[in-house]
Amino acid sequence: MSKITERLTRFPLFGQKTVRTGMRYLLMILFAFLMFGVILLIAGIDPLKSYEDIFSSTLGSAYGFSEVVVSMIPMLITALAVALPFRVGLINIGGEGQLFIGAAFATFGALTFPNLPAWLLLPLMALLGMLGGALWAFIPGYLKSIGLVNETITSLLLNSVAPKIVGFLILGFWHSPRDTVRTPNFVDAARLPTFFGTRVHLGLVLGLVLLVIFWFVLKYTRWGLEMGAIGSNPQAAKRNGIPLAKYLVIVMCLGGAIAGLAGMVQVSGFYGTLFPNFSMSLGFMGFMICWLAGGDPLGIVLMAFVVSVIYSGGNLLQLTRGLPYAVINILLAFTLFIVLARPNFFKGKRS
Amino acid sequence: MLRKSASHTNLKPIVSMRAITKSFPGVLANDRLDLDLYASEIHALLGENGAGKSTLMKILYGFYHCDSGEILFNEQPVAIHSPHAARLHQIGMVFQDFSLIPALSVAENIALFLPQLPAVLNIKEINHRIREVSKRYDLQVNPHAMVSQLSIGEQQKVEILKLLLAEATLLILDEPTRVLAPHETEALFKVLDSLRKDGYAIVLITHKMKEVLECADRITVLRGGHLAGTLLRSEASEDKLVALMFEKKMATLQVNRKRDISESEVPLLELSEAGTRAEGSQTSLKAIDLKIRPGEIVGVAGVSGNGQKELGDLALGMIKCVQGRKFLFGKDFTNQSIQQVRRSGVGFIPENPLTMAIAPFMTVLQNMALTRTWRYARAGGLRMDWKAVKDDAERTMQALEFSFPLYVPARSLSGGNLQRMVIVREMTQEPHLIIASYLTRGLDVQSTIAARRALVQARDKGAGILLISEDLEELFSLSDRLIVLYAGAIAGSFKPEETNVFEVGYLMTGSEVQHVENN
Amino acid sequence: MTLLSILGVLSSAIFSGTSLLYTTLGEVIDERAGIVNLGLEGVLLVSASSGFAVTAISGNPYLGILMSMLAGGLMNMLLGYLAITRKANQLASGLALMFFGFGLSALIGKPYVAVKIHSLSRFLLPGMASLPLKYSSLFKFDVLIYLVIPVAVLVWWLLYRTRWGLSVRAVGENADTAFASGRNPRLIRYQALFVGGMLAGLGAAHLSIAYTMNWTENMTAGRGFIAVALVIFSKWDPLRAIVGALVFSGAVAFQLLLQSSGVQVSSFLLDTIPYILTLIVLIAWGGNRRHSAPAMLGRVYQGSE
């Protein structure tokens with residue numbers, strides 16, 4: 001194994017630490033696949049055929065691959081929404097709610113200004129989405145900073161409230177004439193453009209650009225340095241003159257803004273409409289992906305990819321093997337368990 | 001729990017510690033110490049910080065294991081491996097930070113430590129027992145009250161009740177009066193007196209002379225890990241005890257005296273009647289009047305825990321004063337942020353670099369930039385000029401003759417190197433005011449000399465320094481002026497050549513100043 | 001709005017609130033020990049599906065209930081392994097458990113969708129039979145419903161009147177002090193998780209076996225998260241949880257009542273009331289230490305090894 005590590009290290013992009021981490025993750029994922037295979041066997045289903053189905057539908061065709069990418073897009077962004085606050089030691093479990101409110105704000109923009117050209121409307125919607133998410137994140141952040149309530153608890157409560165607000169808005173004001181549970185389809189100007197006849201939309205570029213900015217800020221800029229200091233030792237950072245309270249509130253709101261942007265990206269790029277349950281735990285998935293990746297941008301891309309392969313593959317599995325789609329969650333869960341449990345065999349440094 | 005009264009002349013000690021030796025990395029905390037504890041006696045363990053008192057008692061309580069030596073119970077050797085085992089031997093200890101659970105009631109906190117607690121709690125019976133014992137020894141507390149609602153003094157009563165109800169017969173109290181008001185201290189002594197009459201053996205760890213002379217029957221003085229002496233109360237006097245606590249020789253190191261400080265120069269730091277409010281087990285500062293002028297080193301003597309940390313934090317701006325004002329360089333800085341304080345040229349070397357000054361997971365070089373990120377930021381913050389950071393750091397390192405790696409994570413440095421790193425970082429900005437807290441703690445001889453030299457160099461260039469230290473030799477040799485901090489207030493202020501170690505020692509232990517002749 | 005309709009709301013609230021209350025009681029115990037279980041949704045689903053399956057196979061609902069309880073305890077043990085022994089982040093571990101529950105329950109339950117089972121019988125308490133039929137029929141409850149309030153009292157007694165309960169609360173407030181008193185915080189947390197899991201399983205059993213008598217994917221519809229909110233609303237007190245469960249489940253039934261009397265309020269907004277109430281309660285009591293969360297909630301116990 002070390003030989004492979006050596007060979008890969010020759011590539012300029014891969015430092016030795018990156019390669020070793022990558023190999024470790026690969027092994028963990030393989031182990032998870034193995035365990036899932038066992039479950040399938042117990043359920044009387046051929047694991048090898050199932051895996052063939054998963055991989056052929058996702059990686060076997062260009063369209064399948066594009067579907068994986070489509071599914072990845074929101075998760076990249078919601079993971080980033082967790083990674084940024086994580087850098088200063090904040091745990092943003094409120095992404096789910098921020099996503100919804102951001103989507104709602106963006107929908108407001110789409111429905112209120114249908115006559116604007118795309119190059120105006122889309123950035124407007126993006127800004128609205130970020131505003132919505134930032135507001136939703138501000139509430140727990142503020143309550144925590146005045147010492148009233150734990151931000152995890154408030155975030156969780158607000159997560160449950162947000163979808164209901166969205167439902168209310170749709171039912172009460174925004175629903176399409178034919179369908180009371182969704183808004184009318186967005187005009188073309190409100191839709192993020194797609195590429196090459198697939199469903200991959202501009203959100204991908206947004207997500208990747210954000211991740212690159214994140215990486216750059218953290219590695220090179222003054223703010224990245226100060227944020228890292230806060231995350232590493234908040235009291236020392238304070239004594240060194242870094243404005244702790246300011247950073248905590250601003251970063252939390254930024255995290256919310258990013259999650260809100262993810263909401264906008266989903267309704268504008270993927271669905272083209274807003275309906276109450278559009279999320280399917282995207283916020284929580286982002287949390288998990290960030291956790292698995294240790295907050296590292298490259299890791300986020302990789303883990304989002306793995307999760308998307310698993311989910312997309314599950315679609316075919318449902319058709320061919322008669323398994324309920326939900327069963328694919330077991331494979332996902334095994335991957336999560338193994339990474340969380342950090343078995344000694346795979347142990348590396350904690351991020 | 002209640003013993004029959006024993007006479008004062010107990011022949012045999014109930015607990016004996018023989019030749020206890022314990023060292024930690026870099027320091028010999030206990031050096032072949034002997035201690036005899038008798039029933040119906042209050043035994044004071046007296047000494048400065050670092051003398052080894054707490055360590056010795058933590059060994060008895062099973063918190064630490066001694067490197068060599070033995071512990072005898074009624075002349076039988078025993079091994080105490082954990083606090084739980086100590087409690088089985090009926091030893092109880094009240095630490096400086098209480099181990100109470102605020103959200104539980106008094107009765108529940110006590111119940112947690114009862115040796116035989118039935119599976120179904122009999123609340124009535126527990127309350128009854130608490131009331132009984134608290135009445136007997138005047139430790140009145142409401143068993144139903146939540147600990148979070150109690151004052152510090154009441155919490156201490158609960159801690160003692162906890163020990164009594166857990167059937168301890170040897171009670172160890174670590175600096176119990178540090179957080180008490182004077183009248184609470186009196187009440188505590190009465191309690192200890194009635195406990196002693198009932199046969200309990202009590203160990204009082206303290207650095208305060210008054211307490212020792214007021215309530216102790218027997219006194220053991222530790223100094224630098226050694227046994228300085230053991231005497232009965234009847235043989236003891238303030239003079240004798242101070243002589244045992246502090247080294248007899250006065251510091252002879254003479255530093256090049258600077259120019260005379262003119263009274264009219266604008267002070268770099270001025271605290272005027274400054275007071276702070278303490279949270280929990282912190283010490284509140286009371287009416288501090290302090291001036292540091294350019295080219296002056298003001299040393300702060302005192303036993304750790306009397307407000308030193310708070311004084312440093314107040315000067316930095318980490319805590320704000322609730323009374324009085326703070327001036328830096330002539331301007332009112334009472335409400336300014338730490339960033340503004342630092343920007344105006346203040347450096348801070350804290351007592352614990354790992355927890356208070358550095359980001360452990362970042363590299364040494366990155367840490368170097370943390371106090372002045374604005375100075376090294378380029379392109380509006382998009383880029384950091386690491387070369388400039390490196391150059392500045394290396395220049396200072398050369399001047400101080402310090403050397404440590406720059407590209408490793410900070411936490412991999414040894415304690416000494418961490419301190420050196422912080423010193424280099426703070427000195428690099430050529431501060432006008434330096435707050436140095438326990439500057440040479442944990443440093444080897446060479447680094448100590450270099451660090452002190454750095455301070456003197458800065459002083460000679462016109463900087464002012466607040467030097468907080470527990471090393472009297474250091475204070476006497478470096479300070480231009482010396483103040484003593486006791487219980488959050490300034491107990492005395494003079495020039496080193498006007499006083500000596502004993503006088504300072506008196507003030508550090510809360511005694512009245514007796515002016516002793518200089519030899 | 002007639003008496004009948006009001007009583008109807010009450011009856012509906014009691015039916016749907018029973019499973020919520022059992023689940024909340026279980027989570028109260030867990031959080032008192034310092035562990036927050038975001039995976040409750042998954043635990044409930046696995047318990048519901050496995051209990052339902054056993055009932056369908058054996059024809060005996062009581063066996064099914066036992067299975068649910070066991071499944072709940074075991075699922076929580078998984079959370080315990082990750083959060084206690086491997087010292088992983090509790091939130092992440094809980095979410096992983098949730099996803100696991102989604103998948104495993106779908107797998108277990110697949111053969112039993114739309115299967116009919118032998119359920120618990122419903123009966124009236126002795127005094128109620130004399131009431132007119134239209135009223136008394138609303139209050140024919142099964143044994144689990146009758147037991148839920150006694151169980152809540154039992155949980156209160158367990159936490160506040162037994163040595164074990166004191167240990168659990170001590171661990172949840174300050175595990176180091178609990179350790180200093182000679183207790184084993186890790187073991188106590190595992191025990192709390194198991195008991196809590198069994199209670200959650202009981203709640204799930206009521207939902208699928210007694211109330212809806214049915215299994216469908218995701219039938220718990222967010223109850224797991226509602227329970228977590230309810231624990232906060234009840235300030236971690238089992239007796240307050242009784243009221244809270246009524247309020248939370250009553251909100252749904254209340255909607256129907258409002259609609260039937262011609263008042264049109266969005267069901268979505270009404271659904272938010274429990275959460276908003278919880279937030280208000282939290283803020284109002286936030287300054288008062290007496291009502292704050294167990295101090296170690298969510299924190300990893302590092303141990304002093």
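This is a predicted model: local features need pLDDT of at least 70, side-chain atom pairs count only at pLDDT 80 or more; totals for chains, interfaces and linings use all residues.
If you are setting up a view, the C-alpha trace of chain A spans about 60 × 55 × 35 Å along its principal axes.

## Two domains in chain A

Chain A is split into domain 1, made of 1-45 + 323-351, and domain 2, covering 66-321. Between the C-alpha centres of these two domains of chain A there are 26 Å.

Where they touch, domain 1 of chain A contributes 11 residues and domain 2 of chain A contributes 15 residues. On the domain 1 side, H14(A) gives the most, with 5 residues. That side of domain 1 of chain A consists of 10 nonpolar residues, 1 polar residue and no charged ones.

## Where chain A meets chain C

Let us turn to the neighbouring chains. The contact between chain A and chain C takes 37 residues from chain A and 37 residues from chain C. Which elements of chain A give two or more residues to this side? They are helix H7 (151-174), helix H12 (282-293) and helix H14 (328-341) of chain A.

Of these, H7(A) gives the most to the side that touches chain C, with 13 residues. By residue type, the side of chain A that touches chain C has 28 nonpolar, 7 polar and 2 charged residues.

## Where chain A meets chain B

How many residues does each chain bring to the contact between chain A and chain B? Chain A brings 18 residues, and chain B brings 26 residues. In chain A, helix H9 (222-232) and helix H10 (234-239) each supply at least two residues of the side touching chain B.

The largest share of that side of chain A, 7 residues, comes from H9(A). The side of chain A that touches chain B divides into 7 nonpolar, 7 polar and 4 charged residues.

Note on methods:
Residues are numbered from 1 along each chain as its sequence is written. Chains are lettered from A and ligands numbered from 1 in the order in which they are written. Two residues are in contact if their C-beta atoms, placed from the backbone, lie within 7 Å. Helices (H or I, at least four residues) and strands (E, at least two) are DSSP runs, numbered from the N terminus. Ala, Val, Leu, Ile, Met, Phe, Trp, Tyr, Cys and Pro count as nonpolar, Asp, Glu, Lys and Arg as charged, and the others, Gly among them, as polar. Domain bounds come from an automatic or database domain assignment.
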